[in-house]
Every structure is written in C-alpha cells, then in structure tokens.
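Trainee: Hi! Could you walk me through this one? I'm new to it and would like to ask a few things as we go.

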Amino acid sequence: MEHFAVIVSVASGCVSVTGFIGIFIKLGRERGLTEAERKELRKDVDQNARDINALGTKVNTMQLENSKMITALSSDLGWIKSSLADIKQEISRKRE
C-alpha cells in the first residue's frame, strides 16, 4: 500500500508539473500571438498616419492651386467687365 501511495504522489507531482508547463507554454503562445498582432496593428497605424499626412499636404497644395486659379479667373472677369463697359460706351457714343 505504501508503494501505491508513493506511485500516486509521484504521478500527481508529474501531472502537476506537466500542467504548469502546459499553462506556461499556452500563455507564451498567446503572448507571442498578441505581440505579433500588436506589431502588425502598429505598422498599419503608422502607414495610415503617413497616408493622412500625405493627403493633408495634397489638400493644401490643391487649395493653393485653387486660390491661384480663382485669382486668375477674377482678374479675367475684371478684364471682361471693363471690356464690356468700353464696348457699351462705344455703342452709346455711336447711337448719339
């Protein structure tokens, strides 16, 4: 009977050690997977931040180009208005 108790206690100890080792392995795997996912997400976030900055720069450039174009169009409209006023004056003089 004493041998049986020793065998059972040794088996119990082995199972306990195996259980702890299994738990540590499982925790290590989970931590490794979580770490890999976190690194991948960090890469994605960094890439998105660079893309957002690039889009901001592009929008600023487009706004500057639009401002230049609006200024040019405004100048052209001013010239057209003055030309129409001159034509109107010439027509008015010829009618008189």
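**A chat about one helix**

Mentor: Happy to! Let's begin with a pair of side chains: Glu35 and Arg38 are 3 residues apart in helix H1 (residues 2-95), so about one helical turn separates them. Keep in mind that this is a predicted model.

Trainee: Thanks. What do the side chains of Glu35 and Arg38 form where they meet?

Mentor: They form a salt bridge, at 2.7 Å from N to O.

Trainee: How many salt bridges does the whole structure have?

Mentor: A search of the whole structure gives 3. One of them joins Arg42 to Asp46, where the closest N and O atoms are 3.6 Å apart.

Trainee: How far apart are Arg42 and Asp46 in helix H1?

Mentor: They are 4 residues apart, which is about one helical turn. Arg42 is exposed at 51% relative accessible area, while Asp46 is partly exposed at 32%.

Trainee: Which residue does Arg93 pair with?

Mentor: Arg93 pairs with Glu90, and their side chains meet in a salt bridge at 3.3 Å from N to O. Both residues lie in helix H1, 3 residues apart, or about one turn of the helix.

Trainee: How accessible are Arg93 and Glu90?

Mentor: Arg93 has 55% relative accessibility and counts as exposed. Glu90 has a relative accessible area of 39%, so Glu90 is partly exposed.

Trainee: Okay, changing topic. How many helices and strands does the protein have?

Mentor: The secondary structure comes to 1 helix and 0 strands. The radius of gyration is 41 Å, well over the 12 Å that the globule rule gives for 96 residues, so the protein is more spread out than a compact globule.

Trainee: What does the C-alpha trace span along its principal axes?

Mentor: About 140 × 15 × 5 Å. The C-alpha atoms of Gly28 and Leu77 are 49 residues apart along the chain and separated by 72 Å. For Met62 and Ile25, which are 37 residues apart along the chain, the C-alpha atoms are separated by 55 Å.

Trainee: Where do Gly28 and Met62 lie?

Mentor: Gly28 lies in helix H1, and Met62 lies in helix H1 too. Gly28 is partly exposed at 43% relative accessible area, and Met62 is partly exposed at 45%.

Trainee: What share of the protein's residues count as buried?

Mentor: Of the 96 residues, 0% count as buried. To count as buried, a residue would need under 20% relative accessible area.

Trainee: Which residues make the nonpolar surface patch?

Mentor: Leu77, Trp79, Ile80, Leu84, Ile87 and Ile91 make a nonpolar patch of about 630 Å². Take Ile80 as an example: Ile80 lies in helix H1, and at 40% relative accessibility Ile80 counts as partly exposed.

Trainee: Last one, about charges. How many positive and negative side chains are there?

Mentor: The protein has 15 positive and 13 negative side chains, and the centres of the two sets lie 5 Å apart.

Definitions and conventions. Residues numbered from 1 in each chain as written. Predicted model: local features only at pLDDT ≥ 70, side-chain atom pairs only at ≥ 80, totals over all residues. Heavy atoms only, no water. Salt bridge = Lys/Arg side-chain N within 4 Å of Asp/Glu carboxyl O. Helix = DSSP H or I, 4+ residues; strand = E, 2+ residues; numbered from the N terminus. Buried < 20%, exposed > 50% of the residue type's maximum accessible area, 1.4 Å probe, protein only. Patch = residues over 30% accessible without salt bridge, like charges linked within 9 Å, V, L, I, M, F, W, Y side chains within 5 Å. Areas by Shrake-Rupley, 256 points an atom, 1.4 Å probe, with all protein chains shown as cover. Rg over C-alpha atoms; globule rule 2.2 N^0.38 Å. Lys, Arg positive; Asp, Glu negative; His and termini not counted. Charge placed at Lys NZ, Arg CZ, Asp CG, Glu CD.
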